[in-house]
Amino acid sequence: MATTQTSKNTKSKAAGGSGKKSASSKKETGAVALLKQDHRDLEKMFEQFEKARSADRKAELASNICKALTVHAQIEEELFYPEARGEVDEDLLDEAEVEHMGAKKLIAEIEGMTPEDRLFDAKVTVLSEYIKHHVKEEEEELFPEAQKSEMDLDAIGKQLAARKKELMAELDGD
């Protein structure tokens, strides 16, 4: 895996900020902190799903998991990954995008099912395992590279938080 980058992310930042690191950027703030918190929240939901016994509870948790993953993937794809291009190993970003595609396929299948369907539990379990793998790669490889880069993770974190709030409101309105 290549960890040295010769080019810097110089595209314009329409959502505010230059995209470059400011003197006040901290290791566990901003974008990385927000995305890691999403990961912890998802882990808890998956654990609750594993323990759930009633069909109603499983349906509720699966719906919440799918919604949270959909929003998380969208903010990463719209904001975090584009900012990271040119700053971190491109292969990590490409793999993350492909992993998102696979997760979205499972999410769509789960959303079209009920807990009474034969493969419902299995699909949620496979999604959980898939996400655990994705989280491990992001937290052990992608995020450390982003933290060493010139990315302004605090500004990106604010953009992520605003977009997440907007998307959650849209989904709650459905």
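**Fold.** I read the chain along its sequence and noted the pattern α-α-α-α-α, with 5 helices and 0 strands in the chain, where helices (H or I, at least four residues) and strands (E, at least two) are DSSP runs numbered from the N terminus. I kept in mind that this is a predicted model, in which local features need pLDDT of at least 70 and side-chain atom pairs count only at pLDDT 80 or more, while totals for chains, interfaces and linings use all residues. Residues are numbered from 1 along each chain as its sequence is written, and side-chain values use heavy atoms, with hydrogens and water left out.

**Whole chain.** I looked up burial and found that 42% of the 174 residues of the chain count as buried (under 20% relative accessible area, with exposed over 50% and partly exposed in between; 1.4 Å probe, protein chains only). Of the contacts (heavy atoms within 4.5 Å) between residues at least 6 apart in sequence, 79% join residues at least 24 apart.

**Cores.** I then turned to the nonpolar cores, meaning sets of buried Ala, Val, Leu, Ile, Met, Phe, Trp, Tyr and Cys residues joined through side-chain atoms within 4.5 Å. The largest has 22 residues, and Leu35, Phe80, Leu142, Met151, Leu153 and Leu160 have the most contacts inside it. At least two residues of this core come from each of α1 (30-51), α2 (55-84), α3 (90-111), α4 (120-148) and α5 (153-173), and α2 gives the most, with 6 residues. Another core, of 21 residues, lies apart from the largest one and includes Ala103, Ile107, Phe120 and Val135.

**α1 against α4.** I checked this pair by its axes, which are lines fitted to C-alpha atoms over the stretch in contact, with angles running from 0 to 180 degrees between N-to-C directions. The axes of α1 and α4 come within 10 Å and cross at roughly 160 degrees. That makes α1 roughly antiparallel to α4, a term for angles over 145 degrees. Among the residues that meet between the two helices, I listed Leu35, His39, Phe46 and Phe49 in α1, and Phe120, Val124, Ile131 and Phe143 in α4.

**Glu99.** Is Glu99 buried or exposed? I found that Glu99, which lies in helix α3, is buried, with a relative accessible area of 11%. Leaving aside residues up to four places away in sequence, Glu99 touches Tyr130, His133, His134 and Glu137. I also noted that the C-alpha atoms of Glu99 and Ile131 are separated by 8.5 Å, although the two residues stand 32 residues apart along the chain.

Definitions and conventions:
Angles under 35 degrees count as roughly parallel, over 145 as roughly antiparallel, 65 to 115 as roughly perpendicular and the rest as oblique.
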